[in-house]
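This briefing is intended to be read beside the sequence and the three-dimensional structure. The points that follow are grouped by topic.

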Amino acid sequence: MSFKEQVKVAFQFMRGNPKSRPSKPVKVETLNAARLQKAKRPAITWLGHSALLLEMDGKTVLIDPMLGNAPSPFPIIGGKRFSKQLPIDIEQLPTIDAVIISHDHYDHLDYGSIMKLKDKVKKFFVPLGVGPHLLRWGVDSQKIAEGDWWDEFDYEGMTLACTPARHFSGRSLTDRNATLWCSWVIQGHDMSVFFSGDSGYGPHFSEIGGKYGPFDLTLMECGQYDDRWEAIHMMPEQTVRAHLDVRGKTMIPIHWGAFTLALHSWTDPVERAVKEAARLGASIATPRIGETVYLDAEDYPVSAWWTRDG
């Protein structure tokens with residue numbers, strides 16, 4: 001955006017949108033730690049925003065585990081989480097086989113969460129340049145694997161592929177685009193999942209679908225958008241199109257429902273995505289935060305829970 005447009009947006013953020021947050025705290029499902037220890041069926045649990053817990057092939061994988069209260073270097077002034085609690089506390093989590101990071105923005109790579117997680121994680125998979133963040137925070141270098149776009153990792157029988165996205169990176173005023181951003185392909189023995197990370201819409205989705213699709217489930221960015229930064233965040237209708245481009249069977253919209261990082265109303269992302277999916281005949285699931293979705297189930301949750309939490 002031009003400087004003039006940036007100033008305009010800043011004033012709009014200060015003025016705010018009364019519908020950008022729910023009028024009461026969002027209710028979350030409690031994730032049972034004992035069940036995680038005994039998990040056998042492939043499953044995904046949305047922890048809010050883009051944080052997810054994937055259980056596949058006997059492995060426990062955390063994706064973009066931002067489990068702090070505010071996506072900001074200064075939590076006291078950052079937008080607070082919509083819910084009063086998380087589905088599960090980090091201390092309750094079992095040993096984590098892998099943590100997958102899409103990029104270094106504060107709403108995806110959270111210092112406090114990593115500090116609490118690092119000693120129970122076997123391996124971190126991150127895009128190029130993100131490893132040094134983890135090293136500074138005390139993560140053993142032997143536990144970090146960095147990937148460029150199209151790099152693949154064979155991790156204990158699972159295939160993890162670092163794939164393109166259309167975004168940017170940076171955690172301060174001086175490190176803009178100093179590290180890479182990406183999406184991820186996660187392939188198990190019988191199931192395949194695509195995680196979009198943060199991305200504007202583009203031809204890379206079709207390229208990924210052509211090389212790695214179809215996917216049993218896609219976890220697609222759907223929120224924190226605006227026409228003025230459409231190049232780096234998809235509009236909800238584009239999210240559904242991207243899901244179809246990668247040849248996904250069912251989509252869960254993420255990157256919404258936890259924080260206010262844009263000017264739209266807090267339910268706008270999911271409502272528009274559900275409407276567009278119906279128009280295009282695409283399968284979409286809408287689990288509540290903390291609600292476990294079993295990938296081999298015949299039916300996925302589709303309730304409009306946000307209409308009751310608003």
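Where is the place of Asn177? Asn177 is in the loop between strand E8 (158-163) and E9, where helices (H or I, at least four residues) and strands (E, at least two) are DSSP runs numbered from the N terminus. The model is predicted, so local features need pLDDT of at least 70 and side-chain atom pairs count only at pLDDT 80 or more, while totals for chains, interfaces and linings use all residues. Residues are numbered from 1 along each chain as its sequence is written, and side-chain values use heavy atoms, with hydrogens and water left out.

**Backbone geometry**

- Most residues other than glycine have a negative phi, and most peptide bonds are trans.
- Asn177 has a phi near 60°, a positive value in a residue other than glycine.
- With a relative accessible area of 40%, Asn177 is partly exposed; buried means under 20% relative accessible area, exposed over 50%, and partly exposed in between (1.4 Å probe, protein chains only).
- Gln224, in the loop between E11 and H6, also has a positive phi, near 70°.
- Gln224 is buried, at a relative accessible area of 4%.
- The peptide bond from Gly213 to Pro214 is cis, with omega near -5°.
- Pro214 is found in the loop between helix H5 (204-212) and E11.

**Aromatic pairs and charges over rings**

- The structure holds 16 aromatic pairs; rings of Phe, Tyr and Trp (its six-membered ring) pair if their centres lie within 6.5 Å, and planes under 30 degrees apart count as stacked, over 60 as edge-to-face and the rest as tilted.
- One of these pairs joins Phe153 and Trp184, whose ring centres are 6.3 Å apart and whose planes meet at 35°, so the pair is tilted.
- Phe153 belongs to strand E7 (residues 152-155) and Trp184 to strand E9 (residues 183-187), so this pair ties together parts that are 31 residues apart in sequence.
- Phe153 counts as buried at 17% relative accessibility, and Trp184 counts as buried at 0%.
- Phe194 and Phe215 form a tilted aromatic pair, with 5.5 Å centre to centre and 45° between the planes.
- Because Phe194 lies in strand E10 (residues 192-195) and Phe215 in strand E11 (residues 215-221), the pair ties together parts that are 21 residues apart in sequence.
- Phe194 and Phe215 are both buried.
- One aromatic cluster is formed by Trp46, Phe82, Trp256, Trp266, Trp305 and Trp306.
- The charged end of Arg171 sits over the ring of Tyr106, 4.0 Å from the ring centre; for this, NZ of Lys or CZ of Arg must be within 6 Å of the ring centre and within 35 degrees of the ring normal.
- The charged end of Arg241 sits over the ring of Tyr201, 4.9 Å from the ring centre.

**Helix H6 and its packing**

- Helix H6 (residues 236-245) packs with helix H7 (residues 268-280) at an angle of about 50°, their axes being 8 Å apart; axes are lines fitted to C-alpha atoms, for helices over the stretch in contact, and angles run from 0 to 180 degrees between N-to-C directions.
- That angle makes H6 oblique to H7, since angles under 35 degrees count as roughly parallel, over 145 as roughly antiparallel, 65 to 115 as roughly perpendicular and the rest as oblique.
- On the H6 side the contact is made by Pro236, Glu237, Val240 and Leu244, and on the H7 side by Pro269, Arg272, Ala273, Glu276, Ala277 and Leu280; contact means heavy atoms within 4.5 Å.
- H6 is mostly covered, as seven of its ten residues are buried.
- The buried residues of H6 are Pro236, Gln238, Thr239, Val240, Ala242, His243 and Asp245.
- These buried residues pack against H5, E11, strand E12 (248-254), H7 and strand E13 (283-284).

**Strand E1**

- Ala43 lies in strand E1 (residues 43-48) and is buried, with a relative accessible area of 0%.
- The C-alpha atoms of Ala43 and Glu55 are separated by 5.1 Å, although the two are twelve residues apart along the chain.
- Leaving aside neighbours within four places in sequence, Ala43 is in contact with Leu53, Leu54, Glu55, Thr292, Val293, Tyr294 and Leu295.
- Gly48, also in strand E1, is buried at a relative accessible area of 0%.
- Leaving aside neighbours within four places in sequence, Gly48 is in contact with Ala258 and Ile289.
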